[in-house]
Amino acid sequence: MSPMRNQSAQTAYLVCSFISLITGYAMKPTEIQQFAIQAKLNMRLGREVFDTVFLGTEIAGLSNGEMRVLARSEHCAHVIENNYLGMLAVIVESVLKRPVKFATVASKSVRGWTEH
């Protein structure tokens with residue numbers, strides 16, 4: 001990547017970070033970022049645990065340090081919250097380059113939960 005293009009990307013990242021800090025803009029990870037998070041979880045946990053607990057899980061958004069996680073079931077949400085939330089937060093921070101201060105996990109069946 002050329003230095004000029006890299007500088008433009010850094011500037012755009014800083015502007016977006018500043019705007020999100022001021023406005024509280026909720027960042028929803030892109031499909032590629034979701035895949036990166038899933039891949040890191042799969043590598044860290046192994047296929048069996050990943051498929052049992054995290055398959056179908058997605059990061060619904062990150063706003064003002066709050067990470068919102070949607071799991072495929074109430075059971076999976078409970079297991080993630082009690083056993084894997086810290087590791088998930090570290091992975092999400094590494095992919096999204098934004099701090100995670102706290103997290104909320106819910107089942108995808110909870111209606112209206114992500115519209116904040």
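Phenylalanine 50 and phenylalanine 54 both sit in helix α3, four residues apart, or about one turn of the helix. Helices (H or I, at least four residues) and strands (E, at least two) are DSSP runs numbered from the N terminus. The model is predicted: local features need pLDDT of at least 70, side-chain atom pairs count only at pLDDT 80 or more, and totals for chains, interfaces and linings use all residues. Residues are numbered from 1 along each chain as its sequence is written, and side-chain values use heavy atoms, with hydrogens and water left out.

**Aromatic pairs**

- Two aromatic pairs are found in a search of the whole structure; rings of Phe, Tyr and Trp (its six-membered ring) pair if their centres lie within 6.5 Å.
- The ring centres of phenylalanine 50 and phenylalanine 54 are 6.3 Å apart and the planes are at 10 degrees, so this pair is stacked (planes under 30 degrees apart count as stacked, over 60 as edge-to-face and the rest as tilted).
- Phenylalanine 54 also forms an edge-to-face pair with tyrosine 84, at 5.7 Å centre to centre and 65 degrees between the planes.
- That pair links distant parts of the chain, with phenylalanine 54 in helix α3 and tyrosine 84 in helix α4 (residues 74-96), 30 residues apart.
- Phe50, Phe54 and Tyr84 make up one aromatic cluster.
- Phenylalanine 50 and phenylalanine 54 are both buried, and tyrosine 84 is buried as well (buried means under 20% relative accessible area, exposed over 50%, partly exposed in between, with a 1.4 Å probe and protein chains only).

**Packing of α2 and α3**

- Helix α2 (residues 31-45) packs against helix α3 (residues 47-54) at an angle of about 130 degrees, with the axes 7 Å apart; axes are lines fitted to C-alpha atoms, for helices over the stretch in contact, and angles run from 0 to 180 degrees between N-to-C directions.
- This makes α2 oblique to α3 (under 35 degrees counts as roughly parallel, over 145 as roughly antiparallel, 65 to 115 as roughly perpendicular and the rest as oblique).
- Gln38, Leu41, Asn42 and Leu45 of α2 meet Arg47, Val49, Phe50 and Phe54 of α3, where contact means heavy atoms within 4.5 Å.

**Phenylalanine 102**

- Phenylalanine 102 lies in strand β3 (residues 102-107).
- Its relative accessible area is 46%, so phenylalanine 102 is partly exposed.
- Phenylalanine 102 touches Gly65, Glu66 and Met67, leaving out residues up to four places away in sequence.
- Between phenylalanine 102 and glutamate 66 there are 5.1 Å in space, C-alpha to C-alpha, and the two are 36 residues apart in sequence.
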